[in-house]
Amino acid sequence: MNVGAPPVRPGKAGGVVLVLGATSGIMRAVAHELARHGHDLVLTGRDRAETETLAADLRIRYGVRTRARQLDALAFETHAREIEDCIDDAEGQLAGAVLGIGYLGEHARAQQDSLEARRIVDTNLTACITLLTPLANHLEANGRGFLCVLSSVAGDRGRQSNYVYGAAKAGLSAYLSGLRNRLHHSGVQVTTVLPGFVDTAMTYGKEGMFLVAPPERIARGIVRAVDRRRDVVYLPGFWRGIMLVIRSIPEALFKRLRL
Ligand SMILES: NC(=O)c1ccc[n+]([C@@H]2O[C@H](COP(=O)([O-])OP(=O)(O)OC[C@H]3O[C@@H](n4cnc5c(N)ncnc54)[C@H](OP(=O)(O)O)[C@@H]3O)[C@@H](O)[C@H]2O)c1
C-alpha cells in the first residue's frame, strides 16, 4: 500500500482521468473542464463515433492526449475487461475516474412495465457497481486516486413521479458511502455528486423542472469537489437546503403530496 503517495489533484495539470459516460450533457462539460486544466483523458461512451469525435475535439482544442472507447453500460459481463483496457490506456498514470452514466427512463411506463423499471435500475445502479468494482480495486492497490460519481437528489427521498430512478440513485449513494468508508483507509477519495435539475437531454421537454442549472456550472462544481476531496456535494449548493426540507417532511404528510 503506497500510503505516502501525494493526493491526486484533478483540478491541476497531471494524471489521466477516465470519463465514463463522456457523451452525456454534464460529462461533456466535465471533459472540457478537465482538459482545460491539462488532464489527458480516456473517454468511454455508448456511441463509438460520437465518443471519438469528442476525443478529437478535446485533443485539438486543449492539446491534451485523449483516447476513446465504446462501452455499453448494460453489457455487464464486459465491464471488468473494459475497465482493464481503460487502465492500460492510461499507461500507469490513472489519477481517477468520473462516472456519469444514467438513465431517467419513462416513469409512467416503469410503473406498468417491469422491464423498463429493470433498465432504470440496471443503468443507474447495477452498471455503476460493475464498473466501479475493478476501478476501486485498482486504485486501492495503488494507494491513491479518486472516484467521482453522479448520483442525484432524487435518491434522497422517493417521490411518486420518479421513485424507480430515485430508488436506483438511493442505492448508488449508499454504495458510494460504503465504498468511501472502505477506500479512505488506502488514500483513495470517493466523491458523491448530487445534482438538482440540469439542462441536458435527460431533462429536455420534461414537466415539473425548476431551478434548472446549465451543465457547465455543474461541471465546474464537480471538478472543484474532486480537487477539494469532498465526500458528498449537492450541485448547485442550494439543493442541500432544499433536500434538507424535503427529507424532514413527516411521512404521514409526505404521502399526501403530489410530488
Ligand atoms: N440532468 C439532470 O437533471 C440530472 C440530475 C441529477 C443527476 N443526473 C445524473 O447525471 C448523470 C449525467 O446525466 P445528464 O444529465 O448529462 O444526462 P444525459 O445527457 O442523458 O446522459 C446520460 C448518459 O448515460 C449514458 N447511457 C445511458 N444508457 C447507457 C448505456 N446503456 N450504455 C452506455 N451509456 C449509457 C448516455 O449515453 P448517450 O450519450 O449515448 O445517450 C449518456 O452519456 C446521470 O447519472 C444522471 O442520472 C442528471
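Guide: Let's start with a term: two residues are in contact if their C-beta atoms, placed from the backbone, lie within 7 Å. The model we are looking at is predicted. In the protein chain, 68% of the contacts with a separation of 6 or more are between residues 24 or more positions apart.

Visitor: How do you know that the radius of gyration agrees with that of a compact globule?

Guide: A compact globule of 259 residues would have a radius of gyration near 18 Å, and the protein chain has 18 Å, so the two agree. Along the principal axes, the C-alpha atoms fill a box of roughly 55 × 40 × 35 Å. As for burial, 46% of the 259 residues count as buried. The protein chain holds nine helices and seven strands.

Visitor: What makes strand 3 and strand 7 edge strands?

Guide: The open sheet has seven strands in the order 3-2-1-4-5-6-7, paired in parallel. Strand 3 (66-70) and strand 7 (232-235) each have a single partner strand, so one side of each has no neighbour in the sheet. On average, neighbouring strands of this sheet are turned by 15° against each other, direction ignored.

Visitor: How do you know that strand 1 and strand 2 pair?

Guide: Pairing takes at least two bridges between the strands. Strand 1 (residues 16-20) and strand 2 (residues 40-45) have five, in the parallel sense, so by that cut-off they pair.

Visitor: Why is arginine 36 called partly exposed?

Guide: Arginine 36, found in helix 1, has 14 other C-beta atoms within 10 Å. Exposed would need 12 or fewer and buried 20 or more, so a count in between is called partly exposed. The C-alpha atoms of arginine 36 and glutamate 50, 14 residues apart along the chain, are separated by 20 Å.

Visitor: And why is glutamate 91 called exposed?

Guide: Glutamate 91 has 12 other C-beta atoms within 10 Å, and the cut-off is 12 or fewer, so the word exposed applies. Glutamate 91 sits in the loop between helix 3 (79-89) and strand 4. Its phi is near 50°, a positive value in a residue other than glycine.

Visitor: What makes leucine 211 count as exposed?

Guide: Leucine 211 has 10 C-beta neighbours inside 10 Å, and therefore counts as exposed. This residue belongs to the loop between strand 6 and helix 7, and its phi, near 50°, is positive in a residue other than glycine.

Visitor: Where is the cis peptide bond?

Guide: It joins leucine 235 and proline 236, with omega about -20°. Proline 236 lies in the loop between strand 7 and helix 8 (239-248).

Key: Residues are numbered from 1 along each chain as its sequence is written. This is a predicted model: local features need pLDDT of at least 70, side-chain atom pairs count only at pLDDT 80 or more; totals for chains, interfaces and linings use all residues. Helices (H or I, at least four residues) and strands (E, at least two) are DSSP runs, numbered from the N terminus. Axes are lines fitted to C-alpha atoms, for helices over the stretch in contact, and angles run from 0 to 180 degrees between N-to-C directions. The radius of gyration is taken over C-alpha atoms; the globule rule is 2.2 Å times the number of residues to the power 0.38.
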